[in-house]
Amino acid sequence: MTKQSHNTVRQSMQERIETGEWALGGLIPGEIELAEEYGCARTTINRALQALADAGMLVRKRKGGTRVCNMPVRQAKFSIPVVREQVEAMGSQYRHRVLVNTKTTPPTSIATRLNISDSDKALYIETVHLADDRPFAFESRWINLKAVPNIVDAPFKDISVNEWLIRSVPFSNGDVIFSAINADEKIADCIEAESGTAVFVVDRTTWYKEEYITTLKLYYKPGFQLYTRF
């Protein structure tokens, strides 16, 4: 059997829960048995199970096995924001400026996130998003060219890569991390802040089925507040 990624395994397991193959409250097979069934490493199984537990679909207990939740947790849904719309919602005029747009070999950490080999090239784009011609956010983004080959012809003078991808490329899943960092000199310069200033960061990776599309970090100007509904 061909080895499968943790994402493939997770989706398969989720289907088994949703179809009732794994009943609510029921004990599911152990990691060793599942690893043999899926033809993958036990660490891959563990990662898939943990993702489902984090999503509120499974309950994992040490020495007690893993069970399907009796009442799965309702999860909040996060919509990928169009930065232009965020700016316009403030009553400001939006514009963007592309600083870097190049095909290059990404570092290993990025290649791993995009599930590509270390020798594959990806598209790297840096963008400053402006509100009334003042920096609103700085975006650092990598795109998997195998997943989105036509992106090289996208008119990024007219539309930001953020909005082009949201409009043009479907996605089925994503990981997002919200955090705060002290801006280094480059980030601070791009958003007109002092070096070392704490800024809000969105770190996001999206994929469609088994193909990873893009991974990015979006650094917002000091004072930015995230608003969402659930």
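**View 1. Helix H6 and the residues it buries.** The buried residues of H6 are Val161, Asn162, Glu163, Trp164 and Leu165. The model shown here and in the other views is a predicted one. The cover over these buried residues of H6 includes helix H4 (83-89), S4, S5, S7 and S8.

View 2. The loop between S5 and H6 contains serine 160. Serine 160 counts as buried because its relative accessibility is 2%, and the limit for buried is under 20%. Leaving out residues up to four places away in sequence, serine 160 touches Tyr94, His96 and His129.

**View 3. The largest cavity and its lining.** The count of cavities of 30 Å³ or more comes to one. The volume of the largest cavity is about 110 Å³. Its lining consists of 13 residues, and those that lie nearest the centre are Ile80, Leu165, Ile166, Thr206 and Thr214. Two or more lining residues come from each of helix H6 (161-168), strand S7 (198-208) and strand S8 (211-220). By residue type, the lining divides into eight nonpolar, three polar and two charged residues. Leu165, named here in the lining, is also one of the buried residues of H6.

**View 4. The largest nonpolar core.** This core has 17 residues, and Met13, Leu34, Ile45 and Leu58 are the ones that touch the most other members. Helix H1 (6-18), helix H2 (31-38) and helix H3 (42-54) are the elements that give two or more residues to the core. The most come from H3, which gives five residues. Leucine 58 touches Ile17, Ile28, Leu49, Leu52, Ala53, Thr66, Arg67, Val68 and Cys69, when residues up to four places away in sequence are not counted. Another core lies apart from this one; it has 14 residues, among them Ile125, Phe156, Ile159 and Leu165.

View 5. Is isoleucine 125 buried or exposed? With 1% relative accessibility, isoleucine 125 counts as buried. Isoleucine 125 and isoleucine 191 are 66 residues apart along the chain, and their C-alpha atoms are separated by 16 Å.

View 6. The structure holds 10 aromatic pairs. A pair of aromatic rings is described by the distance of the centres and the angle of the planes. In the pair of phenylalanine 136 and phenylalanine 224, the arrangement is edge-to-face, with 5.8 Å centre to centre and 85 degrees between the planes. Phenylalanine 136 is in strand S5 (residues 134-143) and phenylalanine 224 in the segment after S8, so this pair ties together parts 88 residues apart in sequence. Phenylalanine 136 counts as buried at 1% relative accessibility, and phenylalanine 224 counts as buried at 17%.

Phenylalanine 200 and tyrosine 220 form a tilted aromatic pair, with 6.2 Å centre to centre and 45 degrees between the planes. This pair links distant parts of the chain, with phenylalanine 200 in strand S7 and tyrosine 220 in strand S8, 20 residues apart. Phenylalanine 200 has 22% relative accessibility, so it counts as partly exposed. Tyrosine 220, at 1%, counts as buried. Through ring pairs, Phe136, Phe178, Phe200, Tyr220 and Phe224 are linked into a cluster.

**View 7. Glutamate 211 in strand S8.** Strand S8 includes glutamate 211. The relative accessibility of glutamate 211 is 38%, so this residue counts as partly exposed. Which residues are in contact with glutamate 211, leaving aside its neighbours within four places in sequence? They are Asn144, Lys146 and Ala147. Glutamate 211 and serine 172 are 39 residues apart along the chain, and the separation of their C-alpha atoms is 9.8 Å.

Note on methods
Residues are numbered from 1 along each chain as its sequence is written. This is a predicted model: local features need pLDDT of at least 70, side-chain atom pairs count only at pLDDT 80 or more; totals for chains, interfaces and linings use all residues. Side-chain values use heavy atoms; hydrogens and water are left out. A nonpolar core is a set of buried Ala, Val, Leu, Ile, Met, Phe, Trp, Tyr and Cys residues joined through side-chain atoms within 4.5 Å. Buried means under 20% relative accessible area, exposed over 50%, partly exposed in between (1.4 Å probe, protein chains only). Helices (H or I, at least four residues) and strands (E, at least two) are DSSP runs, numbered from the N terminus. Contact means heavy atoms within 4.5 Å. On a 1 Å grid over the protein atoms alone, a cavity is a set of points where a 1.4 Å probe fits but cannot get out, and a pocket is an open set with protein on both sides within 12 Å along at least five of seven lines; lining residues have an atom within 4 Å of a point. Grid points are joined across faces, edges and corners, and a volume is the space filled by probe spheres set on the points. Ala, Val, Leu, Ile, Met, Phe, Trp, Tyr, Cys and Pro count as nonpolar, Asp, Glu, Lys and Arg as charged, and the others, Gly among them, as polar. Rings of Phe, Tyr and Trp (its six-membered ring) pair if their centres lie within 6.5 Å; planes under 30 degrees apart count as stacked, over 60 as edge-to-face and the rest as tilted.
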